[in-house]
Amino acid sequence: MTSAISPKNGILEIKLYEGGKSHLAGVENVLKLSSNENPFGPSDRAKEAVARSTHELHRYPSTDHLALRQAIAQAHGLPADQIICGAGSDEIITFLCQAYAGMGDEVLYTEHGFLMYRISALAAGATPVEVAENGRMVDVDALLAGATACTKLVFIANPANPTGTMISLDEIVRLADGLPKQALLVLDGAYAEYANDYDGGAALIGERSNVFMTRTFSKIYGLGGLRIGWGYGPKAIIDVLNRVRGPFNLSSTQQEVAEAAVRDQEFVDKCRLDTTRNRVWLAEALADIGIPSDPSSANFILARFESDDQAEACDKFLQSNGILLRHVANYKLPHCLRITIGDESSCRRVIHAIAQFKGLRL
Ligand SMILES: *Cc1c(COP(=O)(O)O)cnc(C)c1O
């Protein structure tokens with residue numbers, strides 16, 4: 001029976017987002033390297049804050065997230081009134097699309113860009129527009145050529161997921177300068193903490209009215225399960241986003257834990273150092289067994305195989321050994337497996353298993 005009840009245009013074009021697998025039937029001791037999670041978990045201070053927060057759970061949470069915004073502002077040297085917090089940076093992306101992109105508007109992103117850009121654009125009723133990358137790198141010229149009078153939002157992740165590649169601040173400036181006036185450039189900084197000497201583009205935002213940055217507690221802070229992210233941008237844009245944000249979008253636990261986490265920068269520094277060391281080791285070990293990857297600035301490596309079939313077969317072989325990677329066929333990289341940087345023994349276990357798959361002895 002057909003129904004007269006139907007969703008808005010675009011909604012049925014949304015393909016459900018698939019998270020990284022976390023279980024394998026019948027396999028114990030699964031090594032999950034499929035979702036770019038921090039192998040060290042959250043900081044102890046964040047865990048203590050969870051326990052503390054239970055005493056006040058009968059109270060409604062703060063609606064303006066002032067204490068959390070002040071803590072973020074202090075840690076990053078930014079003005080607290082230009083920060084907005086959400087349930088993961090996914091929610092900030094949703095707010096941006098909801099507030100700035102509707103029917104007839106275009107939302108631009110790149111070939112291997114994060115799938116949430118397309119999903120949020122469609123959910124808002126806008127038209128997603130994808131442009132090519134150049135050798136798995138965001139291509140500023142392609143974005144500039146793809147922008148039109150209808151472009152309202154341009155999303156790039158820097159470092160990018162799932163490629164791990166980065167473009168320079170000069171390239172970002174060239175993009176921001178060249179976009180049409182009505183377009184807002186959004187720099188998704190989910191992995192910014194892993195990059196060397198990179199502020200996620202924050203300094204740039206202080207000087208301009210057309211750039212916005214999103215950040216998350218899900219990656220280096222090890223708090224993906226709690227859902228906390230934030231955005232920083234021009235005051236006028238923060239004011240707009242706050243109009244579509246629900247007053248209670250973050251629980252008191254989320255706010256208190258994120259505040260404790262961002263005040264523990266020592267933990268962040270330690271995670272960055274360990275991850276960088278393990279990433280360098282893993283990239284070299286992959287190269288040694290004949291598997292190339294682009295230089296990564298994030299907490300994962302995109303391993304390239306000779307064919308789609310080989311990538312798929314290796315993924316299956318690793319699964320049979322209890323190791324979960326992400327086969328990124330849905331990111332138009334069917335010959336690639338994305339490997340999250342785990343701790344040292346996890347990195348060794350992955351290399352050992354891939355070498356075995358290739359019939360090599362280590
Ligand atoms: C993981 C990730 C995020 C973070 O999402 P949250 O909603 O904050 O958990 C955002 N952008 C990219 C590109 C990511 O890979």
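Student: Are E193 and R215 buried or exposed?
Tutor: E193 and R215 are both buried, meaning a relative accessible area under 20%, with over 50% called exposed and anything in between partly exposed (1.4 Å probe, protein chains only). A word on sources: this is a predicted model, where local features need pLDDT of at least 70 and side-chain atom pairs count only at pLDDT 80 or more, while totals for chains, interfaces and linings use all residues. Residues are numbered from 1 along each chain as its sequence is written, and side-chain values use heavy atoms, leaving out hydrogens and water.

Student: What makes the contact between the side chains of E193 and R215 a salt bridge?
Tutor: The N to O distance is 3.2 Å, and the rule asks for a side-chain nitrogen of Lys or Arg within 4 Å of a carboxyl oxygen of Asp or Glu, so the pair qualifies. E193 sits in the loop between β6 (184–188) and α7, and R215 in strand β7, 22 residues apart. Helices (H or I, at least four residues) and strands (E, at least two) are DSSP runs, numbered from the N terminus.

Student: Which parts of the chain do D177 and R208 tie together?
Tutor: D177 and R208 form a salt bridge at 2.9 Å, N to O. D177 belongs to helix α6 (residues 169–178) and R208 to the loop between α7 (202–207) and β7 (211–216), so the bridge joins parts 31 residues apart in sequence. With a relative accessible area of 21%, R208 is partly exposed.

Student: Why do Y191 and F300 count as buried?
Tutor: Y191 has 3% relative accessibility and F300 has 0%, and these values place them in the buried class.

Student: How do you know that a charge sits over the ring of F300?
Tutor: The criterion is NZ of Lys or CZ of Arg within 6 Å of the ring centre and within 35 degrees of the ring normal. The charged end of R338 is 5.6 Å from the centre of F300 and sits over that ring. Likewise, K270 lies over the face of F40, 4.6 Å from the ring centre.
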